[in-house]
Amino acid sequence: MRYDMRVLWVEDTPKFYKETKDILEMFAEDMGLVIDFKYIQNVEEFMQNIGNEKNGFKLFDIYFIDYTLSNGVVGDSVIKELRKEEVDADVLFYSSEHESDIRSTIIDDLNSFQGVYIANRDNFEEKSTFLLKKNARRLLALNNIRGLLMDQTSENDYTVNSYILRKFDELTTEQKISISKMLEEYISKKSNELGEQIPEVLEKLKTTGITNIKKTMGLSSYLFPIDLKYRVFQKIMDYLGEDSFSENSLDTYLDETVKERNKLAHKKLELCKTQQYILYYDTIDQKENRKCPDDCEQHNDQYKISVQEWKEIRKNVIAFGKCFDAVQDKL
């Protein structure tokens with residue numbers, strides 16, 4: 001699954017973590033978000049993660065930190081370490097008894113603690129959901145819009161390819177022949193459309209079928225395109241009785257989600273004047289011809305995506321991502 005946000009949570013009371021995490025996950029689901037919570041119980045592991053964040057690629061967007069841990073470590077030392085490492089993610093410190101102590105520490109050096117928030121256990125849910133909503137705003141940035149579609153659909157492509165490679169040999173001879181026929185028919189149709197033959201691949205499929213699935217999967221996208229791989233994937237799942245798409249059909253995924261991916265993947269993206277629509281172009285001529293009018297509502301609907309439409313696309317991407325995750329878990 002492609003996560004929208006990753007939260008590193010330092011808390012040594014598993015019960016509080018689990019109960020509150022369940023509430024936040026329901027909140028995130030209602031917002032159409034996918035959040036990954038990493039739970040750790042000791043400061044040493046937390047500091048290791050902070051070092052990785054500073055020296056490597058950034059993984060976490062938010063930190064939730066219990067100010068007073070049972071091993072005697074208090075938030076003062078953690079705050080100083082965060083300040084030294086120049087962490088730029090939002091941090092929420094919380095405590096049952098020491099909220100005033102946290103405020104005093106931060107007020108003493110206010111400029112060093114931008115992005116640090118304070119809560120007690122009673123208002124933790126309110127403060128944490130605020131931070132989730134605050135960070136969710138970045139998901140409406142153009143680079144994140146393209147990134148979500150590319151990342152999650154690429155992950156789904158990976159699952160499809162892996163499933164075919166792993167499961168093909170579990171099929172019966174008759175089932176393998178059926179899959180071979182699907183590919184043979186596609187390549188024959190492609191040959192007829194182009195007025196030329198692709199003799200080597202076609203002849204092999206006709207005489208021996210698919211004898212090496214790994215080699216067949218390595219055929220160029222011209223001969224074995226991704227949408228056909230999805231059809232093969234569905235066929236194999238049907239044969240093996242492992243369909244995870246009862247509520248969200250693969251046809252819908254290909255017709256809608258992949259269509260949106262292809263629409264935006266290699267386009268120039270811009271926001272309209274009111275920032276209510278994404279506009280997309282292939283060339284500068286298209287950009288000039290599709291220029292946003294003074295009244296954006298009059299803009300050609302064929303070449304724009306509204307904020308609400310994007311939210312619906314996100315929900316579909318997330319729903320299908322869960323289906324593909326269920327398949328990947330079986331590999």
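Author: Let's start with α13, whose buried residues are Trp 310, Ile 313, Arg 314, Val 317, Ile 318, Phe 320, Gly 321, Cys 323, Phe 324, Asp 325 and Val 327. "Buried" means under 20% relative accessible area, "exposed" over 50%, and "partly exposed" in between, with a 1.4 Å probe and protein chains only. Helices (H or I, at least four residues) and strands (E, at least two) are DSSP runs, numbered from the N terminus.

Two bits of housekeeping. Residues are numbered from 1 along each chain as its sequence is written, and side-chain values use heavy atoms, leaving out hydrogens and water. This is a predicted model, so local features need pLDDT of at least 70 and side-chain atom pairs count only at pLDDT 80 or more, while totals for chains, interfaces and linings use all residues.

Back to the helix. α13 runs over residues 307-328, and at 1.5 Å a residue its 22 residues should span 32 Å; the end C-alpha atoms are 31 Å apart, which agrees. That expected span is 1.5 Å times one less than the number of residues.

Now pick out Phe 324, one of the buried residues of α13. Phe 324 is among the residues that Tyr 230 touches, along with Thr 153, Asn 156, Asp 157, Val 160, Leu 250, Tyr 253 and Leu 254, leaving aside residues up to four places away in sequence. A contact here means heavy atoms within 4.5 Å. Tyr 230 sits in helix α10 (residues 226-240) and is buried, with a relative accessible area of 2%.

Phe 16, Tyr 17, Thr 20, Lys 21, Leu 24 and Ala 28 are its buried residues. Looking down the axis of α1, they fall within an arc of 115 degrees, so they line one face of the helix; the arc is taken from the directions from the axis to the C-beta atoms. They pack against β1 (5-10), β2 (35-40), β3 (62-66), β4 (90-95) and α5 (124-136). Turned away from that buried side are the exposed Lys 15, Lys 18, Met 26, Glu 29 and Asp 30. After α1 comes Gly 32, with a positive phi near 75 degrees.
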